[in-house]
Amino acid sequence: MTALLLVLLVKTFAFTSCSIPSTGMENSLYQGEKVLVNKWSYGLRLPFTSFHFLASKAKRGDIVLFNNPVPSEQETPVFTRGLFISRCVGTPGDTLMLNKELMVTGQKVLSPDSKQLYTYPYQVEDTLQCAMHELGIEENLLVGYSEGRYVRSFSHYEFYLLKQKLGASFELHSVLNNDTTESHPFVIPAKGKAVKVYPWNMTLLCNTILRHEGRQSAVKNDTLWVDGKPVSSYTFKKDYYWMASNNPVNLADSRLFGLVPHDHLIGRASYIWYSSRKERIFQSVQ
């Protein structure tokens, strides 16, 4: 009896376990693996509630277990909703580059902070290095050299910052020749902070306010309306996160269900305790 009670207490207040249902998190987690989730990672969420005791924010790069933010019936209590597991790539106050079409139609499969390869003349290497240092962009190794041009990888947001810093005339071009003009900077909402409304974030903000802020919102004639009034910015009551799959083709992440409020977080995936790949058992989740 004592042992059973101890197990229940640990599962309720310290750790829980979940199975990986799909291939969306490969190669970090494989379908069928079981992982231990630390329920103290972001503050203890009290049983049968969505309230966190001693709350702390998720970190960029964490693989997070959380409740479905868009259940078929929105009135369903948070703690009874289905479970998702994804990597956090955007924390409250961060900026990601998002595509308007991605959020409106869900047809794009590009992760918001995924890397692409860019080329530039080798003669401007020192200028680029200086700009990367000033912008706080982490050093990344040269990927290649071809016909007098260096090749490096940058995220959409890093590319945006570099172009703003160095000017449109600076020769930094995508290897894939993708048109990046449809990508726009999007601020992940933070509690108590106002987010300005733009055409490219209007739909996502509207859905977030309606689903998670407890207020009526709608887009009418290219304007965001909240509680019957047009707004040019909105101050959020909660912290939010952008979650992404490792597999960019898998749409079971924030491209599909939008922003995830802090009160939906359960904990950080810590250790693999079961896997058909025996060498992975007891490995930490990366």
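**Entry 1: ground rules**

I take helices (H or I, at least four residues) and strands (E, at least two) as DSSP runs, numbered from the N terminus. The model is predicted, so I note that local features need pLDDT of at least 70 and side-chain atom pairs pLDDT 80 or more, while totals for chains, interfaces and linings use all residues. Residues are numbered from 1 along each chain as its sequence is written, and side-chain values use heavy atoms, with hydrogens and water left out.

**Entry 2: the whole chain**

I looked up the secondary structure and found six helices and 20 strands. Of the 286 residues in the chain, 44% are buried; buried is under 20% relative accessible area, exposed is over 50%, and partly exposed is in between (1.4 Å probe, protein chains only). The chain exposes about 15300 Å², an area from the Shrake-Rupley method with a 1.4 Å probe, where for residues only the protein chains shown count as cover. I then checked contacts (heavy atoms within 4.5 Å). Among those between residues at least 6 apart in sequence, 64% join residues at least 24 apart.

**Entry 3: nonpolar cores**

A nonpolar core is here a set of buried Ala, Val, Leu, Ile, Met, Phe, Trp, Tyr and Cys residues joined through side-chain atoms within 4.5 Å. Which residues of the largest core touch the most other members? Out of its 20 residues, I list Phe186, Ile188, Leu205, Leu224, Phe236, Trp242 and Leu259. Strand 7 (95–99), helix 5 (202–212), strand 15 (223–226) and strand 18 (240–244) each put at least two residues into this core. Helix 5 gives the most, with five.

Leaving out residues up to four places away in sequence, Phe186 touches Asp94, Thr95, Leu96, Leu98, Asn201, Leu204, Leu205 and Leu259. Another core, of 13 residues, lies apart from the largest one and includes Ile20, Met25, Leu29 and Ile85.

**Entry 4: helix 4**

In helix 4 (residues 156–166) I found His156, Glu158, Phe159, Leu162 and Lys163 buried. They sit on the same side of helix 4, because they cover an arc of only 160° around the axis; the arc is that of the directions from the helix axis to the C-beta atoms. Just after helix 4 comes Gly167, with a positive phi of about 95°.

**Entry 5: salt bridges**

My rule for a salt bridge is a side-chain nitrogen of Lys or Arg within 4 Å of a carboxyl oxygen of Asp or Glu. By this rule I count seven.

I looked at Arg60 and Asp94, whose side chains meet at 2.9 Å, N to O. Arg60 is in the loop between strand 4 (52–53) and strand 5 (63–67), and Asp94 is in the loop between strand 6 (83–90) and strand 7, so the pair ties together parts 34 residues apart in sequence. Are the two partners buried or exposed? Arg60 is exposed, with a relative accessible area of 54%, whereas Asp94 is buried, at 14%.

Next I took Lys165 and Glu134, a salt bridge at 2.6 Å, N to O. Lys165 belongs to helix 4 and Glu134 to helix 3 (residues 125–135), so this pair ties together parts 31 residues apart in sequence. Lys165 is partly exposed, at 44% relative accessible area, and Glu134 is partly exposed, at 47%.

Arg149 and Glu171 also form a salt bridge, at 3.2 Å, N to O. Arg149 is in strand 10 (residues 149–155) and Glu171 in the loop between helix 4 and strand 11 (173–174), so parts 22 residues apart in sequence are tied together. I noted Glu171 as partly exposed, with a relative accessible area of 40%.

Most residues other than glycine have a negative phi. I therefore noted Asp222, which has a positive phi of about 65° and is exposed because its relative accessibility is 70%. Asp222 lies in the loop between strand 14 (217–220) and strand 15. Asp227 also has a positive phi, of about 50°, and is not a glycine. I located Asp227 in the loop between strand 15 and strand 16 (229–231), partly exposed at 40% relative accessible area.

**Entry 6: a nonpolar surface patch**

Patches are made of residues with over 30% relative accessible area and no salt bridge; like charges are joined within 9 Å, and nonpolar side chains (Val, Leu, Ile, Met, Phe, Trp, Tyr) within 5 Å. I found a nonpolar patch of Phe15, Leu36, Tyr271, Trp273, Tyr274 and Phe282, with about 620 Å² of accessible area together. Strand 20 (residues 265–274) supplies the largest share, three residues. Tyr274 lies in strand 20 and counts as partly exposed, at 37% relative accessibility.
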